[in-house]
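Hi everyone, thanks for making time this morning. I'd like to walk you through one structure, so please have a look at it while I talk.

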Amino acid sequence: MTVVIPETGKMQLKDICYARSGDKGDKSNIGLQAIDFDEKVYELIKKKVTPEAVQAHFKEWSKGNVHVYPMDNVKALNIVLDHGLDGGMTTTLRWDGTGKAMCQALLRMYIDVDC
Amino acid sequence: VSRQTVREQLVYEILDPKNYITPDGTADFTTLQLEGAGQNRVRITNMTGKPRPDMLKVGIGYHGGFLFDIVQWFVWPDALEKARYAERNFYEWLKWADMKPIEADAQYAGINMCEGPTVPWPDEEYARDIPEIAVRFATKWNTREEAETFRKEFRRVIGCLPGSPFKQYALPAPTRITAYRPTLIPRSEVHTTLKIKEVR
């Protein structure tokens, strides 16, 4: 599958990435992977999926620092929300205590392609 | 097995990919190369890492109160509006009944239960026609008695809403919460012994 990135406009991450997520206590981890190891998609998400953008996307569900670790070798970003799981699996009132659906929630994010 | 499935595992439940800490060594996942090597085969080269850490992780479990949740269904027409009305009443009723949970939350199964605030709220026209919505009222309490009182009283309240079925019987008991906190201790404090027993 070849991904066509337009010159301007918005793209939703679900159309250009895979994602998988899980937990380490109260920390939510989301592995965001450029579809088919696509170099252009990877460069785009590396530029646009910043800690600030992730924080703005998750709003009150992200209560601490956000880290975005680039993994150039596998064209993926590892994203960590320090207090992203409301205390973690055993204490949270959330249904998804281990954050397995956080990856799908991230794929809802739109990014600007231009600039 | 493919480059994709291996990559997916590499980014699963890790923090800093340059420092994936295990008791036996610290792995760096940012140098390795994945290469297809035929059907269901992937070759991994250039894996790097660092020596084992001086500190080890210890998980501490402690009593964190009691959890009780109950699910109520709201049906067409105007299922969402009914659900929101019930949510407002839920918080007001808690105050009126002088019940003081540590936390209380209402979550809309079918809308935002799993993806929370990242989900855009449905527009009005669509919301009017949703066939059914489940609201999960989730609560956390300091004592089992408080949780039990809530369980008994709240089922009476939501059980009398017209046109809104809920599971009257076999409501589960409140769950005791074991909260969890990881921390680090020096490896030198951990003494391990190994015994091997032969079983015939």
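This is a predicted model: local features need pLDDT of at least 70, side-chain atom pairs count only at pLDDT 80 or more; totals for chains, interfaces and linings use all residues.

Chain B has an open sheet of 4 strands in the order β7-β8-β6-β9, and the pairing is antiparallel. For anyone who wants a reminder, strands of a sheet pair through backbone hydrogen bonds, either parallel or antiparallel. Which strands stand at the edges? In chain B those are β7, residues 103-109, and β9, residues 175-186. Each has a single partner strand, so one side of each is left without a neighbour in the sheet. On average, neighbouring strands here are turned by 30 degrees against each other, if we ignore direction.

Now look inside the sheet.

Helix α4 of chain B, residues 144-158, lies across β6, β8 and β9 of chain B, and runs at about 20 degrees to β6(B).

On to the two chains together. How many residues of each chain are in contact with the other? The count is 40 residues of chain A and 42 residues of chain B. The size of an interface is often given as the accessible area lost when the parts come together. Between chain A and chain B, the buried area is about 3,600 Å², with carbon and sulfur atoms giving 59% of it. There are also 3 salt bridges between chain A and chain B. The side chains of Glu115(B) and Arg108(A) meet in a salt bridge, at 2.4 Å from N to O.

Next, some backbone details. Most residues other than glycine have a negative phi, and most peptide bonds are trans. With that in mind, go to the loop between β6 and α2 of chain B, where Pro77(B) lies. A cis peptide bond joins Trp76(B) and Pro77(B), with omega at about -5 degrees. Asp78(B) is found in the loop between β6 and α2 too. Its phi is positive, near 60 degrees, although Asp78(B) is a residue other than glycine. Asp78(B) is partly exposed, with a relative accessible area of 27%.

Chain A has a positive phi to show you as well: Asp36(A), at about 55 degrees, is not a glycine either. You'll find Asp36(A) in the loop between β3 (27-34) and α1 (39-48) of chain A. Asp36(A) is partly exposed, at 38% relative accessible area.

Last, the cysteines. How many disulfides are there over all chains? The count is 0. For Cys103(A), the nearest cysteine sulfur is that of Cys114(B), 11 Å away, and Cys103(A) is in no disulfide. Are these two residues of chain A buried or exposed? Cys17(A) counts as buried at 4% relative accessibility, and Cys103(A) counts as buried at 3%.

Note on methods. Residues are numbered from 1 along each chain as its sequence is written. Chains are lettered from A and ligands numbered from 1 in the order in which they are written. Side-chain values use heavy atoms; hydrogens and water are left out. A disulfide is a pair of cysteine sulfur atoms within 2.5 Å. Buried means under 20% relative accessible area, exposed over 50%, partly exposed in between (1.4 Å probe, protein chains only). Two strands pair if DSSP finds at least two bridges between them. Helices (H or I, at least four residues) and strands (E, at least two) are DSSP runs, numbered from the N terminus. Axes are lines fitted to C-alpha atoms, for helices over the stretch in contact, and angles run from 0 to 180 degrees between N-to-C directions. Contact means heavy atoms within 4.5 Å. Buried area is the accessible area (1.4 Å probe) that two parts lose on being put together, summed over both. A salt bridge is a side-chain nitrogen of Lys or Arg within 4 Å of a carboxyl oxygen of Asp or Glu.
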